[in-house]
Amino acid sequence: MNIRPLHDRVVIRRSEEEKTTAGGIVLPGSAAEKPNRGEVLAVGPGRTLNNGDVQAPSVKVGDKVLFGQYAGSNVVKVDGEDLMIMQESEIFAVIEG
């Protein structure tokens, strides 16, 4: 199934959760923090400005991004995989390199 977000929405696959701490302690799934990074899978056409122009998104498919802990509260299941849908403004940065 393909998914095409509308307006300034972005579809993100969250990175895998950390299973162990830096000290080597294994955390159960409920205690592990959700990662705040992921990969952009799809991007909408952009945000419509008040004058009717469309502002192109700053991220593109394949970008690795950082977002807030509570960003992307809209989680959908596509082909058995949980994906996040958030507005581009909820993304803090693109990880380069």
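The legends below describe close-up views of a predicted model. Local features need pLDDT of at least 70 and side-chain atom pairs count only at pLDDT 80 or more, whereas totals for chains, interfaces and linings use all residues. Residues are numbered from 1 along each chain as its sequence is written, and side-chain values use heavy atoms, with hydrogens and water left out.

View 1. Helices (H or I, at least four residues) and strands (E, at least two) are DSSP runs, numbered from the N terminus. Along the sequence the pattern reads β-β-β-β-β-β-β-β. Of the 97 residues, 27% are buried; buried means under 20% relative accessible area, exposed over 50%, and partly exposed in between (1.4 Å probe, protein chains only). The accessible surface is about 6,800 Å², and carbon and sulfur atoms account for 50% of that surface. These areas come from the Shrake-Rupley method with a 1.4 Å probe; for residues, only the protein chains shown count as cover. Contact means heavy atoms within 4.5 Å. Of the contacts between residues at least 6 apart in sequence, 58% join residues at least 24 apart.

**View 2. Strand β7 and its pairing with β1 and β6.** Two strands pair if DSSP finds at least two bridges between them. Strand β7 (residues 81-87) pairs with β1 (residues 9-14) in the antiparallel sense over 4 bridges, and R9 stands opposite Q87 of β7. Strand β6 (residues 74-78) also pairs with β7 in the antiparallel sense, over 5 bridges. In this pairing N74 stands opposite I85. A hairpin is formed by β6 and β7, with 2 residues between them. D79, in the turn, has a positive phi of about 50°.

View 3. A salt bridge is a side-chain nitrogen of Lys or Arg within 4 Å of a carboxyl oxygen of Asp or Glu; the structure holds 6 of them. Side chains of opposite charge can pair when their charged atoms come close. R9 is partly exposed at 32% relative accessible area, while D8, at 13%, is buried.

**View 4. The salt bridge between K64 and E39.** The side chains of K64 and E39 meet at 3.6 Å, N to O. K64 lies in β5 (residues 64-67) and E39 in β2 (residues 37-43), so that the pair links distant parts of the chain, 25 residues apart. K64 counts as partly exposed because its relative accessibility is 40%, and E39 because its value is 24%. R13, E39, K64 and E81 are linked in a network of salt bridges.

**View 5. D63 in the loop between β4 (54-55) and β5.** D63 counts as buried because its relative accessibility is 10%. A polar atom of the D63 side chain lies 2.9 Å from the backbone nitrogen of K60. Leaving aside neighbours within four places in sequence, D63 is in contact with G38, E39, V40, S58 and V94.

Technical notes:
A polar contact is a pair of N or O atoms within 3.5 Å; within protein, one must be able to donate a hydrogen and the other to accept it, and residues adjacent in sequence count only if both atoms are side-chain atoms.
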